[in-house]
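Have the model open as you read.

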Amino acid sequence: MTQKGISAGTVHKLPSDLRKALISDSAARVKWEDITPLARNEWICWTISVKQAETRRQHVKRVCSELKEGMRRPCCWIGCIHRADKSISPSVKGILAGRSKK
């Protein structure tokens, strides 16, 4: 667990903006604690992987709302590419290769 007793992910630490959002939304926090560390890691990675500040704010807000809707992982997310305990699948490698060409 991190500060304020909120659990983090497996690779990523809980960023302060997401921590604040979870602290201020008790229903989302209950759902957060009910998902696995790998699922929390996916949400954190999905939140921090964006480039623009406004998009990140939207992602933080969506983490709370989508958890409360029953989602356990981000929809349409290719998964955390930062995990060292697991190799990247061929399909994800293809997606990442396509992104770098844009």
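Helix 1 and helix 4 cross in a right-handed way, meaning that the near helix is turned clockwise from the far one by less than a right angle. Helices here are DSSP runs (H or I, at least four residues) numbered from the N terminus. This is a predicted model, in which local features need pLDDT of at least 70 and side-chain atom pairs count only at pLDDT 80 or more, while totals for chains, interfaces and linings use all residues. Residues are numbered from 1 along each chain as its sequence is written, and side-chain values use heavy atoms, leaving out hydrogens and water.

Here are the two helix pairs, with axes fitted to C-alpha atoms over the stretch in contact and angles running from 0 to 180 degrees between N-to-C directions.

| Pair | Angle | Axis distance |
|---|---|---|
| Helix 1 and helix 4 | about 35 degrees | 10 Å |
| Helix 1 and helix 2 | roughly 115 degrees | within 5 Å |

Helix 1 and helix 2 are therefore roughly perpendicular (65 to 115 degrees). In their contact (heavy atoms within 4.5 Å), L18, L22 and S24 of helix 1 meet S26, A28, R29 and W32 of helix 2. Towards helix 4, helix 1 uses D17, L18, A21 and L22, which meet R56, V60, V63, C64 and L67.

What about the core? The largest nonpolar core has 17 residues, and L18, L22, W32 and L67 are among those with the most contacts inside it. Such a core joins buried nonpolar residues (Ala, Val, Leu, Ile, Met, Phe, Trp, Tyr and Cys) through side-chain atoms within 4.5 Å, buried being under 20% relative accessible area with a 1.4 Å probe. Helices 1, 2, 3 and 4 each give two or more residues to this core. L67 touches L22, W32 and W43, among others.

How values were computed. Buried < 20%, exposed > 50% of the residue type's maximum accessible area, 1.4 Å probe, protein only. Parallel < 35°, antiparallel > 145°, perpendicular 65-115°, else oblique. Lists of a residue's contacts leave out its neighbours within four places in sequence.
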